[in-house]
Amino acid sequence: MSVVGRMIGYGRDDNYDRAIRLYDQGDFGAAIEEFAKVLASQKDPLVTRLARFYTAEAFSCLGQQAMRRHDYETAAEHLARALEIHPSYADLHYQYAVACRKLGDYRGAEERLQEALTINPRFAKAVYEQGLLAYQTGDHEMG
């Protein structure tokens, strides 16, 4: 095992190793299941931290896939799960806001955009999305 491999958790937990392989193959649902096994049984803080990170990333990837299919309800569910793990990621709040707007949940979209901009005030995509939201809800001047 290489030094880099050990640093990123390989070889410390069989479920983690399987989960990473599944994640790398794009099988995010199966990876989430394996990461859940790691989180339920692992005591190594490095492996636990990495499993949580990759679980959130896998939920984010599932959310993005659902967005591309225009399945905004599923996207919102997956992105909400990712946000439960990483609430300080502005991009997750932005993506969730887009899903909310597409579902007609304008209040939810505005809340997520405000949170994204609190985390990163210079987040251009979130500012743009705010304009779209304002325009779509009838505030054309603000939009």
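Trainee: Which residues of α6 are buried?

Mentor: This is a predicted model. In α6, the buried residues are Ala-90, Leu-92, His-93, Tyr-94, Gln-95, Tyr-96, Ala-97, Val-98, Ala-99, Cys-100 and Arg-101.

Trainee: What makes α6 largely enclosed by the rest of the structure?

Mentor: The count does: 11 of its 14 residues are buried, so α6 is largely enclosed. Those buried residues pack against α4 (45-68), α5 (72-85), α7 (106-119) and α8 (124-136).

Trainee: Why is Cys-100 called buried?

Mentor: Buried means under 20% relative accessible area. Cys-100 has 3% relative accessibility, so it counts as buried.

Trainee: Why does Cys-61 count as buried?

Mentor: Its relative accessibility is 17%, and the cut-off is under 20%, so Cys-61 counts as buried.

Trainee: How do you know that Cys-61 and Cys-100 are too far apart for a bond?

Mentor: A disulfide needs the two cysteine sulfur atoms within 2.5 Å. The closest cysteine sulfur to that of Cys-61 is in Cys-100, at 19 Å, so the pair is too far for a bond. Starting from Cys-100, the closest cysteine sulfur is in Cys-61, again at 19 Å.

Trainee: What is the reach of α6 set against?

Mentor: Helix α6 (residues 90-103) reaches 20 Å from its first C-alpha to its last, close to the 20 Å expected at 1.5 Å a residue.

Trainee: Which residue follows α6?

Mentor: Gly-104, with a positive phi near 85 degrees.

Note on methods
Residues are numbered from 1 along each chain as its sequence is written. This is a predicted model: local features need pLDDT of at least 70, side-chain atom pairs count only at pLDDT 80 or more; totals for chains, interfaces and linings use all residues. Side-chain values use heavy atoms; hydrogens and water are left out. Helices (H or I, at least four residues) and strands (E, at least two) are DSSP runs, numbered from the N terminus. The expected span of a helix is 1.5 Å times one less than its number of residues. Buried means under 20% relative accessible area, exposed over 50%, partly exposed in between (1.4 Å probe, protein chains only). Contact means heavy atoms within 4.5 Å.
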